Amino acid sequence: MKNELIVIMIDDNEEELKQTFLHLKTVVPMDQYDLNVYQSVGFHDELLRIHADVCIIDLNMKEMDGFQTARIISSVYPDTKIVFCTKHNNLVFETFKYDVFCFIRKDHLLEDLKKTLSDMLAHEKEIRDSL
């Protein structure tokens, strides 16, 4: 039986959102997971209706930055894993102020996404196996 994996991706750059989605599809073991991905150009209140396993959030967005977005999502769904994704590697130290699962560098998107998803899925499997 496959496990469901719900992912929300939030970025104000539609091309980068598409690129992240294409990479995501290659790193999730599709034989083990039913992948449901919700893509959003910027933050919208409708996203709060979705209880995601993980949110991949761009940090540098015009309307609402990734930090504000993460605070809102975490306040509603504290168990959702937050993954920040940005070209601005200098912001990595700012992410330490938040309960963040990982930081993905857009200039190393595929490599970082593979590691992040692998770590997250292994952690989730350990939890399921211990129940």
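Student: I have the structure open. In E3, which residue is the bridge partner of Ile-8?

Tutor: Good place to start! In this predicted model, Ile-8 is paired with Cys-55 of E3.

Student: How many bridges join E1 to E3, and do the strands run parallel or antiparallel?

Tutor: E1 and E3 run parallel, with 4 bridges joining them.

Student: What about E1 and E2: how many bridges are there?

Tutor: E1 and E2 also have a parallel arrangement, and 9 bridges join the two. To find one of them, look at Glu-4, whose bridge partner in E2 is Asp-34.

Student: Is E1 largely enclosed or open?

Tutor: For burial, we take a cut-off: a residue is buried when its relative accessible area is under 20%. In E1, 7 of the 9 residues are buried, so the strand is largely enclosed by the rest of the structure.

Student: Now the helix. How many residues does H1 have, and what length does it reach?

Tutor: H1 covers residues 14-27, which is 14 residues. From first C-alpha to last it reaches 20 Å, close to the 20 Å expected at 1.5 Å a residue.

Student: Which residues of H1 are buried?

Tutor: They are Glu-16, Leu-17, Thr-20, His-23, Leu-24 and Val-27. Seen around the axis, they cover an arc of only 130°, and therefore they sit on the same side of H1.

Student: Which exposed residues are on the face turned away from that buried side?

Tutor: That face carries Glu-15 and Thr-26, both exposed.

Student: And what do the buried residues of H1 pack against?

Tutor: Their partners are strands E1 (3-11), E2 (33-41) and E3 (54-58), together with helix H3 (109-130).

Student: What happens at the start of H1?

Tutor: Look at Asn-13 there: one of its side-chain oxygens comes to within 3.0 Å of the backbone nitrogen of Glu-15.

Student: Could we finish with a single residue? Where does Asp-58 lie, and is Asp-58 buried or exposed?

Tutor: Asp-58 lies in strand E3. Its relative accessible area is 5%, so Asp-58 counts as buried.

Student: With which side chain does the side chain of Asp-58 make a polar contact?

Tutor: With that of Lys-106, at 3.3 Å. Leaving aside residues up to four places away in sequence, Asp-58 touches several others, including Ile-10, Asp-11, Asp-12 and Gly-66. Cys-85 and Thr-86 are also among the residues Asp-58 touches.

Definitions and conventions
Residues are numbered from 1 along each chain as its sequence is written. This is a predicted model: local features need pLDDT of at least 70, side-chain atom pairs count only at pLDDT 80 or more; totals for chains, interfaces and linings use all residues. Side-chain values use heavy atoms; hydrogens and water are left out. The expected span of a helix is 1.5 Å times one less than its number of residues. Buried means under 20% relative accessible area, exposed over 50%, partly exposed in between (1.4 Å probe, protein chains only). The arc is that of the directions from the helix axis to the C-beta atoms. Contact means heavy atoms within 4.5 Å. A polar contact is a pair of N or O atoms within 3.5 Å; within protein, one must be able to donate a hydrogen and the other to accept it, and residues adjacent in sequence count only if both atoms are side-chain atoms. Two strands pair if DSSP finds at least two bridges between them.
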